[in-house]
Amino acid sequence: MATTIEKLINKVPIIREFAKIQEINKGFSQDEKWKIEVRKGKQYFIRVADISQAEHKRVAFDYMKTFKKLGVPVPKPIISLELHEEAKYIEITEFMEGLDGEEVLPTLSSKEQYDVGRKAGEALKVIHSIQPKDVTEVWDSYRLKKYDYYLKEYEKLETKYFTLEATLKYIDSHLHLLKNRPVRFLHDDFHPANLMIHSKKLHAILDFDRYEWGDPVHDFHKIALFTRNISVPFAIGQIHGYFKGDPPRLFWQLYTTYVAMVFISDIVWSVKNTPNSLDKMIARLHTVLDDHEHFTKDIPKWYKDGF
């Protein structure tokens with residue numbers, strides 16, 4: 001065990017007298033993550049980040065308290081603190097039993113996957129009930145700046161990987177839909193790998209630290225990139241749980257617009273951050289193109305075909 005984590009633990013009374021400690025290495029986050037069992041048998045999840053991220057992470061941590069009160073299945077927040085001498089920020093929550101959805105869902109029946117998805121969609125609806133205290137930038141302006149940035153970065157790539165003509169055409173013809181969209185708290189990384197499942201039930205939603213404020217529909221785009229490849233029944237259930245049935249046509253138009261936008265950013269992000277796994281990016285984006293018939297259809301095949 002690293003000396004650094006020992007020093008940090010000694011600064012936090014609630015976990016100082018630990019009996020067991022186990023590092024958790026899943027995910028792309030740069031944070032250190034640990035499972036700690038104290039002598040009285042209680043188990044905690046510890047997240048350690050650079051102190052420069054404290055302000056953003058503390059906001060997410062505080063909103064987790066709100067979600068817990070609203071009945072959203074999240075780990076109980078225990079304490080967050082800054083250790084200035086070590087230049088670290090620490091969060092402690094209860095440790096949730098279970099396995100992540102990416103691992104568990106394929107082992108469940110289609111009906112069980114769908115049911116977990118419905119519960120996830122219902123929980124996401126509650127998360128989206130939170131409005132910002134003030135809006136510093138309108139949604140369409142903010143999202144277009146992000147889109148323009150990634151489009152320029154894409155143009156700089158030596159290898160383009162995909163022809164974007166149909167993708168750009170779809171985006172351009174639907175940009176007007178982004179105007180006057182509601183702005184709500186977004187998880188921004190909502191997919192099965194960030195959900196804990198225990199006894200075939202949704203047990204916890206994790207990793208709120210990538211949150212942002214925006215159009216609630218934007219929180220569904222990870223379905224196209226990841227969720228539908230893990231479990232179509234879950235993906236359908238998520239949408240049905242959120243909308244209490246089939247969504248309106250406007251949802252699909254906005255959903256597909258955001259999917260087309262992240263189609264471009266996924267290429268750029270993958271080239272920069274996971275250059276040794278570009279085959280995975282290419283495969284999932286080919287699936288997106290097939291689902292939407294090269295962005296000529298709003299409703300993806302996986303939803304229309306069902307399970």
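Buried means under 20% relative accessible area, exposed over 50%, and partly exposed in between (1.4 Å probe, protein chains only). The model in these views is predicted: local features need pLDDT of at least 70, side-chain atom pairs count only at pLDDT 80 or more, and totals for chains, interfaces and linings use all residues. Residues are numbered from 1 along each chain as its sequence is written, and side-chain values use heavy atoms, leaving out hydrogens and water.

View A. Let's start with H174, which lies in helix 7 (residues 165-174); helices (H or I, at least four residues) and strands (E, at least two) are DSSP runs, numbered from the N terminus. With a relative accessible area of 13%, H174 is buried. Leaving aside residues up to four places away in sequence, H174 touches Q253, T257 and D298 (contact: heavy atoms within 4.5 Å).

**View B. Helix 5 and its packing partners.** The 18 residues of helix 5 (residues 110-127) reach 26 Å from first C-alpha to last, close to the 26 Å expected at 1.5 Å a residue (1.5 Å times one less than the number of residues). Its buried residues include Q113, Y114, G117 and L124. Among the elements that the buried residues of helix 5 pack against are helix 3 (54-69), strand 8 (195-198) and helix 9 (232-243).

**View C. R284 in helix 11.** Here R284 sits in helix 11 (residues 278-291) and is buried, at 15% relative accessible area. Not counting residues up to four places away in sequence, R284 touches L225, F226, N229, D266 and S270. The side chains of R284 and S270 are also joined by a polar contact of 3.3 Å (a pair of N or O atoms within 3.5 Å; within protein, one must be able to donate a hydrogen and the other to accept it, and residues adjacent in sequence count only if both atoms are side-chain atoms).
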